[in-house]
Amino acid sequence: MNHRPTMEDVAARAGVSRALVSIVYRDVPGASDETRARVFAAGDELGYRPDHRARLLGRQRTRLIGVAFDVGQPFHGDLVEALYPAAEALGYDLTLSAVTGSRREAVAIQSLLDYRCESLVLLAPTAPPSVLAALAEAQPAVVIARKVRAAGVQVVRTDDAAGSRLAVEHLLSLGHTRIAHVDGARAPGAAERRTGYTQAMRRAGLEPLVIAGGPTESAGAAAARELPSGVTAVAAFNDACGIGLLHALRGRDVSIIGYDDSTPSRLEHIQLTTIAQNADRLAAAALGLAICEDGPPQEVITDPDLVVRATTRSL
């Protein structure tokens, strides 16, 4: 078959009407178990994939956008806060499902599917691209804050490599040359931020120093113990990591810059210099893609900004 299989093709292969095929794929009453099995078998043989956007237009609208987020990531809270007014402005509401230490991402996403959300917005998901692509075949999906190539998945993210370059350039402007980067291990965005740091250091004729870390305060505190004595500045993977470094290195004259501009970074007793991801801009772009019913998947990349506070100083 040279064209993309249609519902009519499945009906012909299964020997049933198109209306019956529609009933089966919409999972509504009206077809026997034997008929359902025959229709699904025919669809699998043909490689048929239901058009979820067309299906959405043909059913009662729920006006719900499902959001999966990691409860342990402060910036995810900022994104959720920004998503609410963006959704309200478009006439939608949000349904939230949290990823926690005891609740896997797959469970959080399935919960949103059970709520019949019209689209899903996934905040820095960790699922492989193949899993995200399979999800997008059944439900419109937008990923925020992760660079990912997955068929059918829309992406909204900050230019993380550019953000890390901004961090290094700021520290260089203050006279620092022994600048380390505490990376984010396998967290979304870690590879891009590590690349941006390395490129900026080499462009300045300096040797990069990457220290294993992670996206939490405890990871930052652990990385502080591995920091060579000659280092005068550190670019952390994110704000939580930076705050962990800040507490662990208290008493040492080391400049620290985070990433995200999350709410904790702005607290009076922290005042962390950071690279800002604009939560309002990311949320508005993601909601715009989530409700779009036409056109190919898009990748929207926003620019980061430097926010200077108290944790970076001149040598």
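Modeller: Helices are DSSP runs of H or I, at least four residues, and strands are E runs of at least two, both numbered from the N terminus. α5 is followed by Gly-91, whose phi is positive, near 85 degrees. The model is predicted: local features need pLDDT of at least 70, side-chain atom pairs 80 or more, while totals for chains, interfaces and linings use all residues. Numbering runs from 1 along each chain, and side-chain values use heavy atoms, without hydrogens or water.

Biologist: Which residues of α5 are called buried?

Modeller: Buried means under 20% relative accessible area (1.4 Å probe, protein chains only). Phe-75, His-76 and Asp-78 are among those in α5. Their cover, by contact (heavy atoms within 4.5 Å), includes β1, β2, β3, β4, β9 and α12.

Biologist: What makes a space a pocket or a cavity?

Modeller: On a 1 Å grid over protein atoms alone, a cavity holds a 1.4 Å probe that cannot get out; a pocket is open, with protein on both sides within 12 Å along at least five of seven lines. Lining residues have an atom within 4 Å of a point. The count is 4 cavities of 30 Å³ or more. The largest cavity has about 50 Å³. Among its lining residues are Ser-164, His-181 and Tyr-259.

Biologist: What is the volume of the second largest pocket?

Modeller: About 400 Å³, as space filled by probe spheres on points joined across faces, edges and corners. Of its 23 lining residues, Asp-70, Gln-73, His-76, Ala-124 and Pro-188 are closest to the centre. β1 gives the largest share, 3 residues.

Technical notes. Buried means under 20% relative accessible area, exposed over 50%, partly exposed in between (1.4 Å probe, protein chains only).
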